[in-house]
Amino acid sequence: SIFPVRQLARDYETDSGGAGEFRGNCGSLYRKEVLVPSTIYTYVVGKRYPMPGIAGGRPGSPNRLAVRVGGPEAFEVGDRAQYIPHAAGERYEYHYGGGGGWGDPLARPAEKVLSDVLDEYVSVEAARREYGVVLTGSLDALTLAVDVTATEQRRARMRTRQQ
């Protein structure tokens with residue numbers, strides 16, 4: 001093979017889409033392993049300028065590249081191009097940033113936020129921090145539910161702080 005690289009994982013990343021009434025799409029994680037000694041050319045577009053939010057929405061996560069992952073020389077690449085040698089068996093991870101959100105995150109219906117958490121697009125912590133949605137129960141046990149009263153109170157406090 002010309003490019004002896006093994007794809008180990010590819011998935012959405014939780015909390016990478018910008019919060020908004022309409023949440024930005026999640027970014028992706030690509031985890032790969034080089035099978036022979038290789039030099040990886042790095043250039044991380046979108047690291048410095050992630051996708052912006054619109055009309056009160058939050059920006060998505062920036063692009064990131066981690067090299068030599070899992071070893072003692074692992075590090076995250078900056079925003080300048082460079083060549084980085086890798087030994088056979090070393091891994092790298094490219095985190096594609098998420099899209100920006102549109103609109104006020106506090107206007108997103110709590111049930112949609114719950115659905116986002118169940119789909120692992122948004123964490124329980126971000127549901128509370130970004131959307132003001134208080135959840136009870138457990139994600140692992142799939143017993144999550146919206147605490148309507150606590151959510152209304154939290155959102156009211158968050159709106160007061162925004163003014």
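Me: Where does Val-77 sit in this predicted model, and what makes Val-77 count as buried?
Reply: Val-77 is in the loop between strand 5 (75-76) and strand 6 (82-86). Its relative accessible area is 2%, and buried means under 20%, so Val-77 is called buried.

Me: How far apart are the C-alpha atoms of Val-77 and Arg-155?
Reply: They are separated by 38 Å, and along the chain the two residues are 78 residues apart.

Me: Nice. What makes Tyr-83 exposed?
Reply: Tyr-83, which lies in strand 6, has a relative accessible area of 60%. Exposed means over 50%, so the word applies to Tyr-83. Tyr-83 also belongs to a nonpolar patch on the surface together with Tyr-41, Tyr-43 and Val-45. The accessible area of the patch is about 500 Å².

Me: And why is Asp-140 called exposed?
Reply: The cut-off is again over 50%, and Asp-140 has 78% relative accessibility, so Asp-140 counts as exposed. Look for Asp-140 in the loop between strand 8 (135-136) and strand 9 (145-146). On the surface, Asp-140 gathers with Asp-11, Asp-119 and Glu-120 in a patch of negative charge.

Me: How do you know that Arg-6 and Glu-33 form a salt bridge?
Reply: Their closest N and O atoms are 3.5 Å apart, and the rule asks for a side-chain nitrogen of Lys or Arg within 4 Å of a carboxyl oxygen of Asp or Glu. The pair therefore meets the rule. Arg-6 is in strand 1 (residues 5-12) and Glu-33 in strand 2 (residues 28-34), 27 residues apart.

Me: Which words describe the accessibility of Arg-6 and of Glu-33?
Reply: Arg-6 is at 43% relative accessibility and counts as partly exposed, whereas Glu-33 has 13% and is buried. The reason is that buried means under 20%, exposed over 50%, and partly exposed in between.

Me: What makes Arg-58 and Glu-130 a salt bridge, and which parts does the pair tie together?
Reply: The N to O distance is 3.4 Å, and the limit is within 4 Å, so this pair qualifies too. Arg-58 lies in the loop between strand 3 and strand 4 and Glu-130 in helix 2 (residues 124-131), so parts that are 72 residues apart in sequence are tied together.

Me: How do you know that Arg-154 has no salt bridge?
Reply: For Arg-154, the nearest side chain of opposite charge is Glu-130, 9.0 Å away. The side chain of Arg-154 does reach the backbone oxygen of Arg-128, at 3.0 Å.

Me: What stands out about phi in Ala-55 and Arg-68?
Reply: Phi of Ala-55 is near 55 degrees, a positive value in a residue other than glycine. Arg-68 also has phi near 55 degrees. Most residues other than glycine have a negative phi.

Definitions and conventions:
Residues numbered from 1 in each chain as written. Predicted model: local features only at pLDDT ≥ 70, side-chain atom pairs only at ≥ 80, totals over all residues. Heavy atoms only, no water. Patch = residues over 30% accessible without salt bridge, like charges linked within 9 Å, V, L, I, M, F, W, Y side chains within 5 Å. Areas by Shrake-Rupley, 256 points an atom, 1.4 Å probe, with all protein chains shown as cover. Lys, Arg positive; Asp, Glu negative; His and termini not counted. Charge placed at Lys NZ, Arg CZ, Asp CG, Glu CD. Helix = DSSP H or I, 4+ residues; strand = E, 2+ residues; numbered from the N terminus. Buried < 20%, exposed > 50% of the residue type's maximum accessible area, 1.4 Å probe, protein only. Polar contact = N/O pair within 3.5 Å; in protein donor to acceptor, adjacent residues only side chain to side chain.
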